[in-house]
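The entries are in the order I made them.

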Amino acid sequence: MKLSSLIQKVHNRAPRLGKVISLATSTGVITANSIAAGPPVWIMGAAKAITGSAIADKTVIDVTNYWINSNNALIDNVLPRKDWRISLPDDVNTKGKYLLICNHQSWVDTSIVQYISEKRLPLTRFFTKFELIYIPVIGQAFYFLDFPMMRRHSKEQIEKNPALKGKDIEEAKRACALLKDKPFTLLNYLEGTRFTPTKSQGQNSPYTHLLKPRAGGLALAISALGSEVDSILDMTIVYPDGIPTYSDLWKGNIKRLGVDVRHIHIPKDLAAAIQDGRYETDETIKAQMFDWVEQVWQQKDALIGDMLAQFENEPADSSV
């Protein structure tokens with residue numbers, strides 16, 4: 001009997017026990033894989049940092065993909081039957097170079113991005129704070145995998161040392177440039193934080209399902225990588241039964257999920273101006289970029305409403 005069938009039977013007959021088994025199994029496997037994958041990533045990452053070896057770089061990526069794919073296998077085999085509706089363009093592939101934007105509601109979002117990307121998109125990276133490099137194993141893994149790591153300088157620091165002005169942008173661009181010679185998916189959550197009704201009210205957000213977007217991170221990525229990018233992808237995630245916690249994922253509580261990924265197109269003149277560095281210096285270009293992002297966000301907000309309505313109006317497909 002397949003593990004997935006056995007897990008399903010337990011969830012059907014004893015739901016509480018099923019959740020405990022799914023969570024315990026997932027936690028155990030993820031922990032074991034992390035312990036197994038950590039040393040090779042660190043050793044080969046250090047070799048890459050010291051020597052610039054392409055072989056070491058490929059090994060770090062391969063080991064990371066193995067770790068991610070093992071987690072994905074848990075979703076397929078250790079979680080109970082679910083109605084997950086996932087739509088991606090047919091023309092994306094693991095050799096491409098993509099900028100990816102997404103709405104952000106839960107820590108689960110990144111795991112969902114990794115799940116749907118398997119054998120469809122390159123390894124996903126995202127902007128991180130440079131201070132994370134000091135977190136054992138995880139911080140170094142981000143560094144070895146060429147995650148763009150940003151140093152933020154406060155107003156007080158810049159006032160004391162004016163030479164720091166603009167340095168964070170320069171360093172971020174330099175970090176992005178490390179991705180130019182390899183396939184990548186660079187993820188940016190434009191809202192900057194996870195959506196909650198309280199945050200939405202505090203912002204007086206004009207959107208029903210989204211916080212106000214920020215254009216700076218995407219503009220930075222376009223400035224650094226625009227000539228290399230094959231496409232900008234827009235991912236929309238919906239949780240019809242409410243925003244989940246990370247443990248909800250591994251307990252099998254996310255019965256219904258919708259994911260829509262589609263190409264979006266930035267006006268050529270605007271993209272060219274951003275690549276020329278005018279976003280930081282030209283208020284007109286900055287306004288045009290924000291207007292475009294707002295249009296994308298308005299369409300996304302309407303799409304979320306449509307996706308949620310579809311779950312309510314159409315019978316579940318629990319074949320996933």
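This is a predicted model: local features need pLDDT of at least 70, side-chain atom pairs count only at pLDDT 80 or more; totals for chains, interfaces and linings use all residues.

Entry 1, H2 and H3. I looked up how helix H2 (residues 15–51) packs on helix H3 (residues 54–77), and found an angle of about 170 degrees with the axes 8 Å apart. Angles over 145 degrees count as roughly antiparallel, so I noted H2 as roughly antiparallel to H3. I then listed the contact: H2 contributes residues including Val29, Ile30, Ala37, Val41 and Met44, and H3 contributes residues including Val60, Val63, Tyr66, Trp67 and Leu74. By class I have 13 nonpolar, eight polar and two charged residues in this contact.

I turned to helix H11 (residues 268–275) and helix H12 (residues 283–313), whose axes come within 10 Å and cross at roughly 130 degrees. That angle makes H11 oblique to H12. I recorded the crossing of H11 past H12 as left-handed. From H11, Leu270, Ala273 and Ile274 meet Ile285, Gln288, Met289 and Trp292 of H12. I sorted the residues of this contact into six nonpolar, one polar and no charged.

How many cavities of 30 Å³ or more does the structure hold? I found one. The largest cavity has a volume of about 40 Å³. I wrote down its lining as Leu79, Pro80, Arg81, Lys82 and Trp84, together with Asp248, Leu249, Gly252, Asn253, Ile254 and Lys255. The lining of the largest cavity divides into five nonpolar, two polar and four charged residues.

Key. Residues are numbered from 1 along each chain as its sequence is written. Side-chain values use heavy atoms; hydrogens and water are left out. On a 1 Å grid over the protein atoms alone, a cavity is a set of points where a 1.4 Å probe fits but cannot get out, and a pocket is an open set with protein on both sides within 12 Å along at least five of seven lines; lining residues have an atom within 4 Å of a point. Grid points are joined across faces, edges and corners, and a volume is the space filled by probe spheres set on the points. Ala, Val, Leu, Ile, Met, Phe, Trp, Tyr, Cys and Pro count as nonpolar, Asp, Glu, Lys and Arg as charged, and the others, Gly among them, as polar. Axes are lines fitted to C-alpha atoms, for helices over the stretch in contact, and angles run from 0 to 180 degrees between N-to-C directions. Helices (H or I, at least four residues) and strands (E, at least two) are DSSP runs, numbered from the N terminus. Angles under 35 degrees count as roughly parallel, over 145 as roughly antiparallel, 65 to 115 as roughly perpendicular and the rest as oblique. A crossing is left-handed if the near helix is turned anticlockwise from the far one by less than a right angle, and right-handed if clockwise. Contact means heavy atoms within 4.5 Å.
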